[in-house]
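Open the model in your viewer and keep the selection tool handy.

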Amino acid sequence: MKLIFIRHGKTDWNVQGRIQGSHDIELNEIGINQAMELSNKLKSLNYNFKKIYTSPQKRALKTAKIISEISNVPYIIVEDLKEINMGKWEGLVWKEVENKYPMEYKEWKGNRRFNPPPNGESYEDMIQRFIRALHKIINENTDDVVIVTHSAVIMCLQCYITNTSFNKMLQFKTNNAEITEIDSKFII
């Protein structure tokens with residue numbers, strides 16, 4: 001069974017380089033167009049999926065709704081597919097985080113898997129809730145599924161299944177409305 005992960009379309013905060021995390025940001029016009037193009041791409045590449053699972057956050061949900069409308073496949077909202085909560089750092093750009101929270105940033109950067117940002121969650125906490133959600137999705141399906149989620153989630157998942165340090169997650173960086181295909185047998 002294929003898990004077809006899709007990062008949501010572009011938002012204004014993506015354009016500005018702001019940390020979105022748990023903030024519920026809407027897709028911008030570019031993101032809406034990306035979601036429509038992606039839907040047509042899924043169709044033209046003959047992806048055979050029977051369900052779409054999505055994060056409840058507006059940017060992912062809108063992407064999933066557009067895919068659902070074009071593919072005529074229903075979507076299901078799953079709370080644990082949401083992006084990591086980056087706490088006090090949300091809304092900032094990384095340079096602002098470095099300047100406003102130098103000690104916390106240094107500690108986080110040294111071991112981002114287990115050290116959460118102030119008032120946020122660690123990547124470890126996020127990946128554990130995400131893996132639980134994936135196990136449920138895998139157990140409920142035999143056909144391929146689309147999972148609309150977020151950049152950090154997809155990067156962490158790839159680190160997790162390849163046993164790569166979370167400090168090297170950027171090697172798995174995905175663009176907005178990009179497809180990442182993973183066989184369900186790799187989800188331990």
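Start by selecting Cys 159, which is buried, with a relative accessible area of 1%; buried means under 20% relative accessible area, exposed over 50%, and partly exposed in between, with a 1.4 Å probe and protein chains only. You are looking at a predicted model, where local features need pLDDT of at least 70 and side-chain atom pairs count only at pLDDT 80 or more, while totals for chains, interfaces and linings use all residues. Residues are numbered from 1 along each chain as its sequence is written, and side-chain values use heavy atoms, with hydrogens and water left out.

Next, show helices H6 (residues 123-140) and H7 (151-162). Helices (H or I, at least four residues) and strands (E, at least two) are DSSP runs, numbered from the N terminus. Two packed helices are described by the angle between their axes and the distance between the axes. Here the angle is about 85° and the axes lie 10 Å apart; axes are lines fitted to C-alpha atoms over the stretch in contact, with angles running from 0 to 180 degrees between N-to-C directions. H6 and H7 are therefore roughly perpendicular, the word for angles of 65 to 115 degrees. Color the contact (heavy atoms within 4.5 Å): from H6 it includes Tyr 123, Met 126 and Phe 130, and from H7 it includes Cys 156, Leu 157 and Tyr 160.

Move on to Thr 174, in the loop between H7 and strand S5 (179-183). Is Thr 174 buried or exposed? Thr 174 is buried, with a relative accessible area of 2%. Leaving aside residues up to four places away in sequence, Thr 174 touches Arg 7, Ser 151, Ile 154 and Thr 180.

Last, select strand S2 (residues 49-54), which pairs in the parallel sense with S4 (residues 144-149) over 5 bridges; strands pair if DSSP finds at least two bridges between them. Tyr 53 has Ile 147 of S4 as its bridge partner. S2 also pairs in the parallel sense with S3 (residues 75-77), over 3 bridges, and there Thr 54 is partnered with Ile 77.

How values were computed: Parallel < 35°, antiparallel > 145°, perpendicular 65-115°, else oblique.
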